[in-house]
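Subject: Structure handover

Hi,

Here is the structure I promised to pass on. My notes follow below it.

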Amino acid sequence: MNRYIRVALASVAASGAACSNYLDCVECVTSPTSPTQATSTQRIVATQAKLWQLTNGDLARETSMFMQQMAGVGNQYQVIDKYSLDASGGGDFTTPYGGGGMIDLKNVESDARASGDKTMLGIALTMKAWLISVSADIWGDAPYTQAAQPSAFPTPVYDPQATVYDSLQNALSDAVANLNAGAGAGPSAAELVYKGDRTKWAALAHTLKARLYLHVAERDASAYAKALAEANLGISSNAGDYVTVQTSTAGEQNDWYQFQVVGQRTSYMRAGAFGVNLLTNANDPRLTELYQKATGAATVVGGTPGQSLTTAMGNASAKRLTDAYGQPLVTYNENLLIKAEALFMAGNLQAALDTLNKERALWATVPPSSWHTAITLTTQAAPVTLEQIMNEKYIVLFQNIEAWNDYKRTCFPKLTPGNGAVAIPGRLFYPTSERQTNGANVPADPVRNWNDPNACT
């Protein structure tokens, strides 16, 4: 599919770095107009931009259709929403590994270890784990131990998904240890979200660890206790939310804005009927936070999977489609709901309910990042259920890939697969381009990944 996301990416993989509004050349070696080598700070910033492209682009749109938050109502998006998937797209599979990805982060790691900059090292390890976790989540087995080493391993082997998750947990633990050491300047204010704040980066790493433990909970019951322990050390307020930094400048705009508005693809995607109805039936005020009515319509109307566009169909809210809207990727709200799920699975129902209500209470105030407006929600009454927790998280994770990961594990919310399908897709195909270049190592495509053995039907 065409790419409409061009967020501040520089050609920093091998020999140089271009200038942009996000990636300025203050630290360029030699002439600022003709740099010959990228700095670690530039590589970190480029990697942040690449991560946003990966998590807010095609993958976010596809998974939001699988989760019926949005509906594919035209062209190739209607085909995807009918679960007619193929192996043609390879960009999202390779994104974590190339320029602005793992190959750059390995250079940052090497330089940081040599210079003793543990702040830079901790941030690089966190970013690496986050990027590669997307590959493990969506495709399962993936290159890791031999990845981004083109000279030594031009055709890297695929590590088993379980091994990749274990390796990422180790990388995140290493990241936390380095960040807590408090040594080194790191990228400082040049870093886009936390401005190099070690404490916020360490908390993010803990929340990512908690998230990844949940991803293996179908295989390892002890993962819930581990997730709870990490979440207790994770993001502790909305001031620590990891939210993308977007502007109205071309190339720095919100990804959904770039796709639907700049790319003029409003006929491709519209509001999803399940998401709209979930909020409408609960009289949830977040309906207008996430969705908007079609012009002239009395209510917000969503499309069902594979349905063709009608004039009555609404869309994502105007706020969500604003050029400078910062997309929440990992938040205190999510961290609390990770805790609520883990507490529920441990049988601590009152603590789970209290944590769920603590998260719902956050909506009454505007987070520092302003990713939502002030909305008052009613208190959730006892007894609490896993469905209530996961439905709340489904709303919090609007347009976020993580909603799909949650569903594959819990089968909540209770979605009905579209178009007569038995189940909602559990993974994507390895791309044809990868089979053509690394065919000896690419595994056969399973129906489901190792961490997700049980389909929701």
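At what angle do helix 7 and helix 8 pack, and how far apart are their axes? The angle is about 160° and the axes are 9 Å apart. The two helices are therefore roughly antiparallel to each other, since angles over 145 degrees count as such. The crossing is left-handed. Keep in mind throughout that this is a predicted model.

The helix 7 side of that contact consists of Tyr165, Leu168, Gln169, Leu172, Ser173, Val176, Leu179 and Asn180. Helix 8 contributes Arg198, Trp201, Ala202, Ala205, His206, Leu208, Lys209, Leu212, Tyr213 and His215. By class, the contact holds eleven nonpolar, five polar and two charged residues.

Helix 13 and helix 15

This pair packs at about 165°, with axes 10 Å apart. That makes helix 13 roughly antiparallel to helix 15. Their crossing is left-handed. From helix 13, the contact takes in Asn333, Glu334, Leu337, Ile338, Ala340, Glu341, Phe344 and Met345. From helix 15 come Leu386, Ile389, Met390, Glu392, Lys393 and Val396. The contact residues divide into nine nonpolar, one polar and four charged.

Helix 9

Helix 9 covers residues 223–231, and its buried residues are Ala223, Tyr224, Ala227, Leu228, Glu230 and Ala231. Seen down the helix axis, they fall within an arc of 165°, so they line one face. The general rule behind such patterns: an α-helix has 3.6 residues a turn, so residues three or four places apart point the same way. What do the buried residues of helix 9 pack against? They meet helix 8 (198–215), helix 13 (332–345) and helix 16 (402–410).

Thr207 sits in helix 8. Its relative accessible area is 1%, so it is buried. Beyond residues up to four places away in sequence, Thr207 touches Gly234, Ile235, Val330, Asn335 and Ile338. Ile338 also belongs to the helix 13 side of the contact with helix 15.

Ile138 is in helix 6 (residues 118–139). Is Ile138 buried or exposed? Its relative accessibility is 0%, so it counts as buried.

Backbone points to check

There are cis peptide bonds to look at. One joins Ala382 and Pro383, with omega about 0°. Pro383 lies in the loop between helix 14 (349–361) and helix 15. Another joins Phe412 and Pro413, again with omega about 0°. Pro413 is in the loop between helix 16 and helix 17 (432–438).

Which serines have a positive phi? Ser188 has a phi of about 55°, although it is not a glycine. Ser188 is in the loop between helix 7 and helix 8. At 40% relative accessibility, Ser188 is partly exposed. For Ser370, phi is near 60°, again a positive value in a residue other than glycine. Ser370 is in the loop between helix 14 and helix 15. Its relative accessibility is 40%, so Ser370 counts as partly exposed.

Best wishes

Note on methods: Residues numbered from 1 in each chain as written. Predicted model: local features only at pLDDT ≥ 70, side-chain atom pairs only at ≥ 80, totals over all residues. Heavy atoms only, no water. Buried < 20%, exposed > 50% of the residue type's maximum accessible area, 1.4 Å probe, protein only. Helix = DSSP H or I, 4+ residues; strand = E, 2+ residues; numbered from the N terminus. Arc of directions from axis to C-beta. Contact = heavy atoms within 4.5 Å. Axes fitted to C-alpha atoms, helices over the stretch in contact; angles between N-to-C directions. Parallel < 35°, antiparallel > 145°, perpendicular 65-115°, else oblique. Left-handed = near helix turned anticlockwise from the far one by under 90°. Nonpolar A, V, L, I, M, F, W, Y, C, P; charged D, E, K, R; others polar.
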